[in-house]
Amino acid sequence: MDDLPLQKIAISGPTLSSLLQRVSSSPADADGLLFGHVLPLAPSSLSDDPSSASAAADSGSSASASAAGALVATVTSFLCPGCPLSFSDPLGRLLLCHSQHDRLIGWFSSRRRSRLQPSMRDFNVAASLASDPSLSFPIAASASASAGGDGFSPRVFLLFSTPPLDSAIHTHEYRAFQFRTATETFEPRSVDVVNIGPRFRGHYGNFSPNSSFPWLACDLRGSSMMQEDGKGERLSEMRRAAKCQDEIDLIAEDFPAAKLSRLVGPEASNYTAGLEEMYKKMLTRVDTLAGLVEASSAQVLEMEQHNSKLRAEVAGIKRVVDG
Amino acid sequence: MASDCFPPFIAAQLNYLVHQSTLGVKVENVWSGSKSYPGVLDRFTLLIPYCLDYIKWDVLYNAEFPLCPPDVIFAPEDEHFHPFRLRSREGGNEMEGAKNSLSDWNHKDPTRLCALIQELRDEYTNYQRRRAGEVDDDRLTFEISTILSREGIEMHISSGLDKPQEVKFAVPLVDMNINKMVHGCPWRHLQKIHLQVVYPVGKKYVSAASAPRLKLVSTPELKALFSVDDVKLPSWVDGMCMAEYLPHLEESLQGQIMEAVALIDIRRHFIEALAPVFGRPVEADPVFCRKATVLIASGVFTFLVHLFIPTQFPRQQPALMLQSSQHFNSQGAPIKSSLLTDYPWSPRWDASQMVERILEFLVDESLNFKRYCNEAQLQP
């Protein structure tokens, strides 16, 4: 019984734009997972019809509210490895590790220059996600009220595309769907892009990510090929980071909070020099850290380009382009 | 980017599909979905023959991910067509029934795309058949139940916003191998004749059901031997059903095809009769004997005569076209006459007499044609 209709799908402007940026910078088609939560629609105080608003508010168990079709799915974060078939096989079978799908509400697929219509693979993947009982999770508000009553399995589907014909204007198109298991169809849903600003202050809490940091090992399987294992490097990186932290702590220890009291009063001028020294050291550290991040990003990029070159070789693209 | 073309692995699969398979698939549109290599094509629209019409499917590869099998987007009106649907086992997330052309995809195997399209088309046939079976119309339900056993029958439901719903049938007719009947047959594909039957989906409570729309359709190459447009369809009596109608039609068609095959020899005979009068033909169609070209000299004026022999020969006379070998138009193409069919003719003459009469006609006509050529050449 977790096939409740969604009223709309909400996503914050920054999340949507970073999602668009991610899929448009990937070399080919890409797909990935969407995380977030599903909530019964909060009764709107702006409603013209007081009876319906109060009815929704009065209903203690949200089951009745959601049965009335007032569920909203909110996308708070996403994971996009930047390649097609990142979490399923060509038949639509899922390749997810089970500890890794906390708050998975759906998925997205991006296909450059194609019709904005779900494909054969989209359907099969969506059907797999929706029918996997282990992926179902309780709807946020009803978790306490009616234990296990209403669940929601990942049914949100966002489809991104660019127009099939070349055009001078760079265009992104997207459509949102909810997959319905009863009818086995994609039902179009409206996307509510929530921007930040006073009008949207009510939504402030909605967009804090609530999924744990997504797993990174998703790409180590064979089909996405030629990904070299960077585990060893990552470990040493972590060790280095830990060492840096120790050093920062060391610096801070030189200046315990108790000393702060001396900042006030006549002797304050003597301490500014010490304080400045500490800030300088910390800035140097931050600078070094930033440098490390930059260097590792460059390495990742280099690796990506290398992979892409290998893939092009397998596909025989080089011969086509050069010949 | 040098030129737009497919990477080798896609080119091999697409070529195999278009040129090696019997499906008769056409490629309508090709484009690239790659960001880094915008000139490398990896997606295309296929036109797949189905139920005497074409269905359009977009096939999307990823040139940069050669190991990924392609994805397919079906036509917008087929939103309920879901092939390769996985069924989940009770109480688990293990999927069953996952054995199709997409499992263990091998991008180096050129036959894979063809196998995929073939399998999807079979699924589509079943899907349309299921949909036609669900239509709430008693007559249609009856027709489908009686005709379903016919091999190769295809159905299609069409409905538009402003069009009434219709069920289209493509019924393969005449269970004979026409290819084998023609000596030295050049056809690569098996020639077939289909009867297209279009039923309007009846509104309930309408007692008098109208006759379906009927049309004979043949593979295009068959025209060289036999034109289905010349066939007069038996009339559809009220209250008739397909199972009653088809045997008569098939019987008469069979007879007409046999006759058409026999007519090849009569045409061959005619072409052979050209030789004593006009000399050996410069060119002749040896298989269907539909075309022959002879060279004629009238004084110094030499010209070719093309004879186009209709399938209805000798009932219909050949059409003649004269082509000068000395006069050319401003584009450098030889000057030709229009098709001439208005000359004395009788199907009862024997072949040599037919040739004699054509010669007589040409003796007169050559003068007209020479004048015509001279005038045409003088014009700037």
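Me: How is helix α5 of chain B placed relative to the strands β11, β12 and β13 of chain B?

Reply: Axes are lines fitted to C-alpha atoms, for helices over the stretch in contact, and angles run from 0 to 180 degrees between N-to-C directions; contact means heavy atoms within 4.5 Å. In this predicted model, helix α5 (residues 242-278) of chain B lies across β11, β12 (291-298) and β13 of chain B, and runs at about 10 degrees to β12(B). Helix α6 (residues 351-378) of chain B also packs on the sheet, where it touches β12, β13, β14 and β15 of chain B and makes about 45 degrees with the direction of β14(B). Helices (H or I, at least four residues) and strands (E, at least two) are DSSP runs, numbered from the N terminus.

Me: In what order do the 5 strands of this open sheet in chain B stand?

Reply: Strands of a sheet pair through backbone hydrogen bonds, either parallel or antiparallel. Two strands count as paired if DSSP finds at least two bridges between them. Here the order is β11-β12-β13-β14-β15 (chain B), with antiparallel pairing. Because β11 (283-284) and β15 (334-336) of chain B stand at the edges with a single partner strand each, one side of each is left without a neighbour in the sheet. Strands β13 (residues 301-308) and β14 (residues 319-328) of chain B pair over 6 bridges; B:Phe308 has B:Ala319 in β14(B) as its bridge partner.

Me: What area is buried between chain A and chain B?

Reply: The size of an interface is often given as the accessible area lost when the parts come together. Buried area is the accessible area (1.4 Å probe) that two parts lose on being put together, summed over both. Between chain A and chain B it is about 4200 Å², with carbon and sulfur atoms giving 60%. In contact are 47 residues of chain A and 50 residues of chain B.

Me: How many salt bridges does the rule find across this interface?

Reply: A salt bridge is a side-chain nitrogen of Lys or Arg within 4 Å of a carboxyl oxygen of Asp or Glu. The rule finds 4 between chain A and chain B. One of them links A:Arg111 and B:Asp71, with the closest N and O atoms 4.0 Å apart.

Me: What conventions apply to the numbering and to the predicted model?

Reply: Residues are numbered from 1 along each chain as its sequence is written, while chains are lettered from A and ligands numbered from 1 in the order in which they are written. Local features need pLDDT of at least 70, side-chain atom pairs count only at pLDDT 80 or more, and totals for chains, interfaces and linings use all residues; side-chain values use heavy atoms, with hydrogens and water left out.
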